[in-house]
Amino acid sequence: MPTIAETICRQYEDGKCPDCGDNIPDTMVDGGECANCGHVFYAPESDSERIESLKNLLSSRFGRDDQAMSEALDDLVHDLASQIGSSINNGGLDSQIEFISEQCGDFAVKTVADHIEGEG
Ligand SMILES: [Zn+2]
């Protein structure tokens, strides 16, 4: 098992702070700060660890109220999805068609046809 310091150093290019380029000391801990610029280092998490961390964060604030947790995330999910949408639109026609095809599968052609009709 690598130590947390090894893991943190390994996920940062060349074991250097991404903000100031200082070497990350071997003694660095998860959540520790760069002595030079204050950048906070985090050890990488697996998907399931990350999901667990998110759930812990939410229950520490909202207890076991799933409805409140979900409502707290509504705007954020909208914002993130909207950013994805912008990025796809900025990618141009191919990127848009690929996305619609992936999202809608067998209904892609009908969805676009209905949309174009609605626009016209
Ligand atoms: Zn730094």
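**Helices in the open**

Tutor: Helix α2 lies largely in the open, because the number of buried residues among its 16 is zero. Buried means 20 or more other C-beta atoms within 10 Å of a residue's own, exposed means 12 or fewer, and partly exposed is in between, with C-beta atoms placed from the backbone. Helices (H or I, at least four residues) and strands (E, at least two) are DSSP runs, numbered from the N terminus.

Student: Is this predicted or experimental, and how are residues numbered?

Tutor: This is a predicted model: local features need pLDDT of at least 70, side-chain atom pairs count only at pLDDT 80 or more, and totals for chains, interfaces and linings use all residues. Residues are numbered from 1 along each chain as its sequence is written.

Student: What does the chain average in pLDDT?

Tutor: The average is 90, and 96% of the residues score at least 70. pLDDT is the predictor's confidence in each residue, from 0 to 100.

Student: Which elements have the lowest and highest mean pLDDT?

Tutor: Helix α1 (residues 4-11) is lowest at 74, and helix α4 (residues 93-104) is highest at 96.

Student: Back to α2, what's its span?

Tutor: α2 covers residues 47-62 and reaches 22 Å from first C-alpha to last, close to the 22 Å expected at 1.5 Å a residue. The expected span is 1.5 Å times one less than the number of residues. Just after α2, G63 takes a positive phi of about 65°.

Student: And how many of α4's residues are buried?

Tutor: Zero of its twelve, so α4 is hardly covered. After α4 comes G105, with a positive phi near 55°.

Student: How many helices and strands does the chain have?

Tutor: Five helices and zero strands. The chain's radius of gyration is 21 Å, well over the 14 Å from the globule rule for 120 residues, so the chain is more spread out than a compact globule. That radius is taken over C-alpha atoms, and the rule is 2.2 Å times the number of residues to the power 0.38.

Student: Which residues make up the largest nonpolar core?

Tutor: Seven residues: I8, C9, C17, I24, M28, C34 and F41. A nonpolar core is a set of buried Ala, Val, Leu, Ile, Met, Phe, Trp, Tyr and Cys residues joined through C-beta atoms within 7 Å. Over the chain, 6% of the 120 residues count as buried.

Student: Last one: is H78 buried or exposed?

Tutor: Exposed, because H78 has 10 other C-beta atoms within 10 Å. H78 sits in helix α3 (residues 66-90).
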